[in-house]
Amino acid sequence: MPTCNTFINNDKMPRYDFRSPRLHVDEPLTTGQRLSLDRAQANYLVNVLRLKAGDSVLVFNGRDGEWRAALADGGKRAAALVVGERIRDQAPAPDLHYLFAPLKHARLDYMVQKAVEMGASRLQPVLTRHGQVTRVNLERVRANAIEAAEQCGILNIPDVAAPLTFDRMLAQRDPARLLVFCDEAADVKDPVAVLSALRAGTEPIPLAVLIGPEGGFTEDERAALLALPNAVRIALGPRILRADTAAVAALALIASVLGDWREG
């Protein structure tokens with residue numbers, strides 16, 4: 001759980017504490033509260049980082065902002081934290097849903113971590129015809145999401161949704177949310193031009209980004225997406241990208257043109 005070297009300052013804080021380790025906890029946070037740590041957290045703080053009683057740890061739960069806590073003197077097996085002051089208020093998460101065809105193991109881990117770093121507030125696996133993976137370990141996805149948030153100063157933990165078939169995803173879609181789907185067959189090759197034409201005002205809009213399988217969408221799937229209201233397809237440049245690379249490229253592009261990168 002080391003700290004990220006780069007922090008995207010969505011909360012508009014002029015400085016950030018990179019020296020103190022961060023931990024996600026499930027409990028509500030209040031001043032003076034004593035938090036018991038699980039075995040993995042205790043091992044990380046006491047045995048890996050070699051922290052001593054009184055050393056600073058930042059804690060967050062995705063609801064109550066970020067708090068500074070201190071390691072209590074409880075021994076290696078009964079480590080605990082005592083919560084001090086709140087140092088950051090909870091900010092709203094970007095209204096950005098990331099929909100994706102699942103990948104295998106390490107590449108899925110990477111993609112989930114990067115999606116969280118880029119501000120995704122919901123992670124939605126979608127099972128497409130050409131997808132190579134049909135089962136998703138949701139606990140592993142959530143663990144990777146938490147790790148990314150811990151490392152990069154993020155206060156919000158995205159919702160992790162159960163996989164949907166492509167058809168059910170379409171049936172449940174909110175038409176008020178702009179759907180951007182990435183497709184190498186898109187007619188217009190300049191994605192910035194496509195997205196800029198959709199921009200209205202300065203406030204970020206509700207967004208969903210869909211990255212398909214590395215085998216591509218079927219013609220039926222592509223036709224169904226093109227028939228949707230409030231949906232647009234974009235290409236991601238002249239080269240074919242692997243799905244995990246496409247995720248980073250698409251989310252960065254959308255953040256810069258339609259999302260919170262262009263605030264302030």
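Reader: In what order do the five strands of the open sheet come?
Author: Please keep in mind that this is a predicted model. The order in the open sheet is S1-S3-S4-S5-S2, and the pairing is mixed.

Reader: Which strands stand at the edges?
Author: Strand S1 (22-24) and strand S2 (34-36) do. Each has a single partner strand, so one side of each has no neighbour in the sheet.

Reader: What does the twist average from one strand to the next?
Author: The average twist is 40° between one strand and the next.

Reader: Now the middle of the sheet. How many bridges join S3 to S4?
Author: Five bridges link strand S3 (residues 56-60) with strand S4 (residues 66-71), and the two run antiparallel. Val57 has Ala69 of S4 as its bridge partner.

Reader: What about the hairpin of S3 and S4, which residue takes a positive phi there?
Author: Gly62 does, with a phi near 85°. The hairpin has five residues between the strands.

Reader: And S4 with S5, in which sense do they pair?
Author: S4 pairs with strand S5 (residues 80-88) in the antiparallel sense, over five bridges. Ala69, the partner of Val57, stands opposite Val83 in S5. Leu71 has Leu81 of S5 opposite.

Reader: Which strands does helix H1 lie across?
Author: Helix H1 (residues 39-48) lies across S1, S3, S4 and S5, at about 175° to S1. Helix H3 (residues 138-151) lies across S1 and S3, and its angle to S1 is about 150°.

Reader: Changing topic: how do the axes of H2 and H7 cross?
Author: The axes of helix H2 (residues 105-117) and helix H7 (residues 243-257) cross at roughly 5° and come within 9 Å. H2 is therefore roughly parallel to H7.

Reader: Which residues meet there?
Author: From H2 there are Arg107, Tyr110, Met111, Lys114 and Ala115, and they meet Ala243, Asp244, Ala247, Val248 and Leu251 in H7. By class, the contact of H2 with H7 has seven nonpolar residues, three charged ones and no polar ones.

Reader: Last one: how much space lies in the second largest pocket?
Author: The second largest pocket holds about 410 Å³ of space. Its lining has 22 residues, and those nearest its centre are Asp183, Glu184, Ile240, Leu241 and Ala246.

Reader: What is that lining by class?
Author: The lining of the second largest pocket has 12 nonpolar, four polar and six charged residues.

Note on methods: Residues are numbered from 1 along each chain as its sequence is written. This is a predicted model: local features need pLDDT of at least 70, side-chain atom pairs count only at pLDDT 80 or more; totals for chains, interfaces and linings use all residues. Side-chain values use heavy atoms; hydrogens and water are left out. Axes are lines fitted to C-alpha atoms, for helices over the stretch in contact, and angles run from 0 to 180 degrees between N-to-C directions. Helices (H or I, at least four residues) and strands (E, at least two) are DSSP runs, numbered from the N terminus. Angles under 35 degrees count as roughly parallel, over 145 as roughly antiparallel, 65 to 115 as roughly perpendicular and the rest as oblique. Contact means heavy atoms within 4.5 Å. Ala, Val, Leu, Ile, Met, Phe, Trp, Tyr, Cys and Pro count as nonpolar, Asp, Glu, Lys and Arg as charged, and the others, Gly among them, as polar. Two strands pair if DSSP finds at least two bridges between them. On a 1 Å grid over the protein atoms alone, a cavity is a set of points where a 1.4 Å probe fits but cannot get out, and a pocket is an open set with protein on both sides within 12 Å along at least five of seven lines; lining residues have an atom within 4 Å of a point. Grid points are joined across faces, edges and corners, and a volume is the space filled by probe spheres set on the points.
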